[in-house]
Amino acid sequence: MLWGSRFKTKLNDSAMEFSSSLRVDINLIEEDLLVNKAHTEMLEQIGIISQDEMKIIIDGLNTIHKEFEEGTWKPEPEKYEDIHSAIEGRLFELIGDTAGKLHTGRSRNDQVATDLRLWVKKTIKDIISGLNNFQVTLLNLAEDNVETIMPGYTHLQRAQPISLAFHLMAYIEMLERDKMRFNFAFKQANVSPLGAGSIAGSTLPIDPEFTSWKLGFEKHFSNAMDAISDRDFVIDFINSCVIGQMHLSRLSEELILWSTSEWKFIKINDEYSTGSSLMPQKKNPDIAELVRGRSGKILGNYVNIVSVLKALPLSYNRDLQEDKEPVFSSFNIYSSNLKILNKIIESIEINKERFTEELKGDYLLSTDIVDWLVLQGINFRESHRIVGELVKYLENSGKNFSKLTVDEMKKINPIFNEDILKYLELEKSLGRKQSKGSPNPEMLKNQIKKWKSKLVEIVKNETNFYK
Ligand code: ARG
């Protein structure tokens, strides 16, 4: 126990069990050991401990690390309040009284905040590399489908012809914004609280600058009270997961729709599909459904952490111990979703010809005809009205644009002539798009090339668990 002399009795076993965070914060062991070492070195630098003592403590911490990795030391939640107590307790067993110097000028309040910031920073690096990797997977698929025509939807009604590449490139943009959000959260986490003590620093000449530098933080805190009670970086991190996850869920939903018999646009590989225990013919997109279905958990984590912080008086309160579960859970769910969705996309099969016949003469070309009329000098609103009449005529006669003759069009409005026929060719529709950010295949090819030249090198040099 790190405290106890002022108490008449020890903590009740049930209170210990109730309050111990060890089962959760054991996840921070690497970070806690790093923080312990940096703090020890700092104590030596400012002359509070000798070089020999520093060496004894650091050797002890290294032994704990080794024992933990080898599984020879397993801290028990019934015995320790948290990872900090467990490490200090073990250090006493290993090196004796010198261990008593480790916590000089420090509190678990600044310690735990430092640990968690380090963990969040490490994790964000991994996530960003996972996002880079996923973007490359989407770009590869896009590259192969620049001319794969599909209907673009608004209100889930066919709107204008687009290509699959164009659709996928929308996700490239979303994922890029996700990276920006994670980078922002990284910056927020990149401030060292170590040296803030329990609430108001120390009368000892503790050097936060040294530990901040040693641990690789960009800077250290300015106000000790804020340093120990600030969890904004946690909220920023989970918020990045919430929005990133929402994007993954939208994509999953589209994959699920596109793989239905109604759409017949893609096939999800058998490796990422499941069958029915009753209906032998079934092939279900369960994995994509689970990616979609786990969104609520991350959003729940966001609500959880904001509720912990709301109305919490300054500064440290034990409520803050509850910050770790939502952080770890959000990371676990989001990163496993990212990983599996990447695999689904890598192995997806596209029915490239699915829409080429079906969309010939489709009403989707209406806006192109409006544009043609505008180029003939007719005002836009009038052009819109004329094409609306054409569509009404087609609907009444059970036809579509491909069956429409120029004579019939002339009856609706004499301005029509043979020139309009080329506007009714679906294959040429994408190529006619002139405005920036449209599905023009040439523009898309350029965009894909630019994105790839930016990302492929980065991904090649990264090694992480997403690969
Ligand atoms: N387990 C605690 C947490 O995660 C560590 C800090 C405890 N501080 C204290 N003064 N009781 O927040």
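This is a predicted model: local features need pLDDT of at least 70, side-chain atom pairs count only at pLDDT 80 or more; totals for chains, interfaces and linings use all residues.

Residues are numbered from 1 along each chain as its sequence is written, and side-chain values use heavy atoms, with hydrogens and water left out.

Q: How far apart are the end C-alpha atoms of H3, residues 29–45?
A: Helices here are DSSP runs of H or I with at least four residues, strands are runs of E with at least two, and both are numbered from the N terminus. The expected span is 1.5 Å times one less than the number of residues. For the 17 residues of H3 that gives 24 Å, and the model agrees, with its end C-alpha atoms separated by 24 Å.

Q: How many of the 17 residues of H3 are buried?
A: Buried means under 20% relative accessible area, exposed means over 50%, and partly exposed is in between (1.4 Å probe, protein chains only). The buried set includes Ile-29, Leu-33, Val-35, Met-42 and Leu-43, and also Glu-31, Asp-32 and Glu-44. H3 is mostly covered, and the count of buried residues is twelve.

Q: Which helices do the buried residues of H3 pack against?
A: Packing here rests on contact, meaning heavy atoms within 4.5 Å. The partners of those buried residues are H2 (22–25), H4 (51–70), H5 (83–95), H6 (108–143) and H8.

Q: Is Asp-207 buried, partly exposed or exposed?
A: Asp-207 lies in the loop between S3 (191–192) and H8 (208–214). Not counting residues up to four places away in sequence, Asp-207 touches Met-42 and Ile-46. Its relative accessibility is 29%, so Asp-207 counts as partly exposed.

Q: Why do the buried residues of H12 line one face of the helix?
A: The buried residues of H12 are Ser-295, Ile-298, Asn-301, Ile-305, Val-308 and Leu-309. An α-helix has 3.6 residues a turn, so residues three or four places apart point the same way. Looking down the axis of H12, and taking the arc from the directions from the helix axis to the C-beta atoms, the buried residues line one face because they fall within an arc of 160°.

Q: Which helices are included in what covers the buried residues of H12?
A: H12 runs over residues 295–309. The cover over its buried residues includes H9 (224–229), H10, H11 (286–293) and H13 (324–346).

Q: What is the phi of Ala-311?
A: Ala-311 is in the loop between H12 and H13. At 66% relative accessibility, Ala-311 counts as exposed. Its phi is positive in a residue other than glycine, near 70°.

Q: Which peptide bond is cis, with omega near 5°?
A: Look in the loop between H12 and H13, where Ser-315 is found. The cis bond runs from Leu-314 to Ser-315.

Q: How many residues of the lining of the largest cavity are nonpolar?
A: On a 1 Å grid over the protein atoms alone, a cavity is a set of points where a 1.4 Å probe fits but cannot get out, a pocket is an open set with protein on both sides within 12 Å along at least five of seven lines, and lining residues have an atom within 4 Å of a point. Nonpolar covers Ala, Val, Leu, Ile, Met, Phe, Trp, Tyr, Cys and Pro, charged covers Asp, Glu, Lys and Arg, and the others, Gly among them, are polar. The lining includes Leu-141, Trp-258 and Ile-350. With no polar and no charged residues, the nonpolar count is ten.

Q: What is the volume of the largest pocket?
A: Grid points are joined across faces, edges and corners, and a volume is the space filled by probe spheres set on the points. The largest pocket comes to about 460 Å³.
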